[in-house]
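Visitor: Could you take me through a close look at one part, the aromatic and nonpolar side chains, and explain each term as you go?

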Amino acid sequence: MFYILIILGSILGVMIGRALPVIPYTYSIYLSVGILAALDSIFGAIASIIKKRFDFKVFITGLFGNAILTMLLTYLGTKLNIDIHLGAIIVFVGRMFNNLAIIRRHYIELWYERYDRVKKHYSSLNEIQNRRK
Amino acid sequence: MSKKNQNINGKNQNKKHNNIKNSPLKEYANSFFKDNKSIKNDTKRENKKLDKKEIQSNLSIKDLSSKMDKLTLNKKIQERKSEYLKSLGYDKKAYTENSEYTEYTNNSNLINTFKFDEYEINKNAITNISSKNKKVVINKVKNVNENLINGIYKLNVDTVLKLNQINKKKVDSNLEEKLKNIKSFKEIKGNKELIEKISQKNLILLIIFISTIIVAAVIAIQMKAISFIDIKKIEAMRDAELKTEITALKEKNKELDSRILEIDNNIEKYKLNTKENKSTSELIENELLLTNINAGYTNVTGEGLILTLEDNEAQEIDSADILNLVNQLWIAGAEAISINDERVVSSTDITTVDQNKVFVNSKHQTGPYKIKVIGNKKQLEGALIIKNGYINEMLATGKSISYIIEENIEIPKYKSEIEMKIGN
């Protein structure tokens with residue numbers, strides 16, 4: 001159900017995005033920064049699920065709040081003639097890499113454990129066969 | 001039974017009258033006694049019969065009692081008679097001395113005694129009968145009552161048992177209902193909790209669904225916006241390409257400087273030629289070729305861009321857009337330009353007529369507008385793509401523009417002639 005909803009939602013979203021009018025290039029920076037914030041919070045959510053301290057409220061507020069905040073900051077940057085969005089990008093990308101590292105390690109450990117188990121199983125089987133011989 | 005009694009009485013009465021009319025009294029009396037005995041026997045038998053039959057009607061008792069009353073009445077009448085006679089002033093002695101009177105008195109005494117005996121006997125009989133009847137009746141009543149009581153008791157017991165059973169059933173059903181209610185209440189409570197859990201889960205799922213839609217839509221919009229221009233090119237251009245452009249401009253300046261030198265040399269040559277009048281025709285021919293190319297009287301081929309401006313749903317292409325583009329291209333170093341294969345020359349007009357119709361070289365043009373440009377392709381592209389440049393502006397206002405870089409573009413010559421009538 002959960003995955004079906006996510007897939008359905010993404011398809012629907014893409015369709016809606018295609019139907020909507022094109023936004024001017026000058027404003028596309030806001031959207032890109034927002035997307036980055038959203039991606040960061042999604043990866044953060046996955047990492048927190050692995051760490052077992054996931055909180056839905058924190059996730060949702062982070063997803064939309066961070067995006068809106070970064071957009072506001074970029075607007076401020078354009079007014080002050082400073083590329084503040086660069087700072088946001090650095091922070092978000094750094095966090096994304098951290099979270100990705102956490103996820104990677106978790107899965108590596110999982111696979112390694114499985115591999116170990118399989119190895120032990122086969123070695124025990126081999127021993128039994130050797131004894132029979 | 002009653003008839004027999006009556007008969008007995010009747011006999012007695014007949015005999016009484018006989019006694020009074022006829023004599024000797026003693027015999028009569030004896031006979032009466034005998035009769036009495038027989039009556040006694042009769043009564044005994046009858047009583048026995050009564051005992052045997054064990055049923056005595058109340059009627060017989062009533063008849064007997066009524067007869068008894070008659071007897072008592074007779075007695076009273078006689079007493080009253082005697083009293084009356086006394087009150088009349090009968091001489092008792094004279095009266096008593098009369099033989100007839102004595103007879104009468106004797107008889108009456110006898111009768112009285114007899115009557116009294118009969119009365120007693122009857123009384124006894126009546127009492128016997130009544131007592132027996134009483135006993136019988138009482139026994140019967142008792143039996144009946146007992147039976148009745150027993151029956152009623154049994155009935156009562158049965159009804160009580162039945163009622164108890166019914167009550168039990170009712171109570172059981174009530175209990176079951178109560179238990180059911182309790183169970184249903186528990187179920188409802190559990191269901192409520194479940195519903196709350198499900199609703200919470202559904203809410204989370206819904207929020208996730210909506211957020212995924214939003215994120216996907218935003219990404220799609222961004223991709224669409226970027227798909228019009230290769231964003232990487234512009235990003236790269238920002239630093240490196242601009243530098244190269246500057247250097248290119250510097251080189252161009254150098255070229256221009258060299259060109260100035262060449263033209264200066266040419267002027268000197270002309271000056272010399274005019275002095276010597278040699279090979280001027282050759283020089284003029286070369287100049288003519290160049291001017292023809294510049295004026296647009298020849299087909300031109302070379303590297304450059306093909307831009308297409310298209311009307312889309314939101315915005316339409318204005319003549320001002322085309323004019324602006326042409327100007328930008330001239331600035332960027334275009335050598336030849338054509339709009340829908342109409343060569344742009346010095347007298348070219350680009351205007352709108354009737355608000356919508358775009359006219360180029362006084363000819364009506366319709367979209368998509370294909371604008372061919374010959375020139376340094378890098379320079380042309382750079383000039384258009386630059387941040388806040390022409391293409392950027394067009395996209396910002398929602399107009400659609402695209403371009404292709406080509407190595408070989410052919411631009412046709414100017415189809416009509418530039419005429420000079422007034423000027424010299």
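Guide: A surface patch is made of residues with over 30% relative accessible area and no salt bridge, where like charges are joined within 9 Å and nonpolar side chains (Val, Leu, Ile, Met, Phe, Trp, Tyr) within 5 Å. Accessible areas come from the Shrake-Rupley method with a 1.4 Å probe, and for residues only the protein chains shown count as cover; a salt bridge is a side-chain nitrogen of Lys or Arg within 4 Å of a carboxyl oxygen of Asp or Glu. This is a predicted model, in which local features need pLDDT of at least 70 and side-chain atom pairs count only at pLDDT 80 or more, while totals for chains, interfaces and linings use all residues. Residues are numbered from 1 along each chain as its sequence is written, and side-chain values use heavy atoms, with hydrogens and water left out.

A:Phe2, A:Tyr3, A:Ile7, A:Ile11 and A:Met15 make a nonpolar surface patch of about 560 Å². A:Phe2 counts as partly exposed because its relative accessibility is 34% (buried is under 20%, exposed over 50%, partly exposed in between).

Over all chains the structure holds 6 aromatic pairs (ring centres within 6.5 Å; planes under 30 degrees apart are stacked, over 60 edge-to-face, the rest tilted). One of them is the tilted pair of A:Phe54 and A:Phe59, 5.9 Å centre to centre with 50° between the planes; A:Phe54 is partly exposed at 35%, whereas A:Phe59 is buried at 15%. Ring pairs also link A:Phe54 and A:Phe59 with A:Phe56 into a cluster.

How values were computed:
Chains are lettered from A and ligands numbered from 1 in the order in which they are written. Buried means under 20% relative accessible area, exposed over 50%, partly exposed in between (1.4 Å probe, protein chains only).
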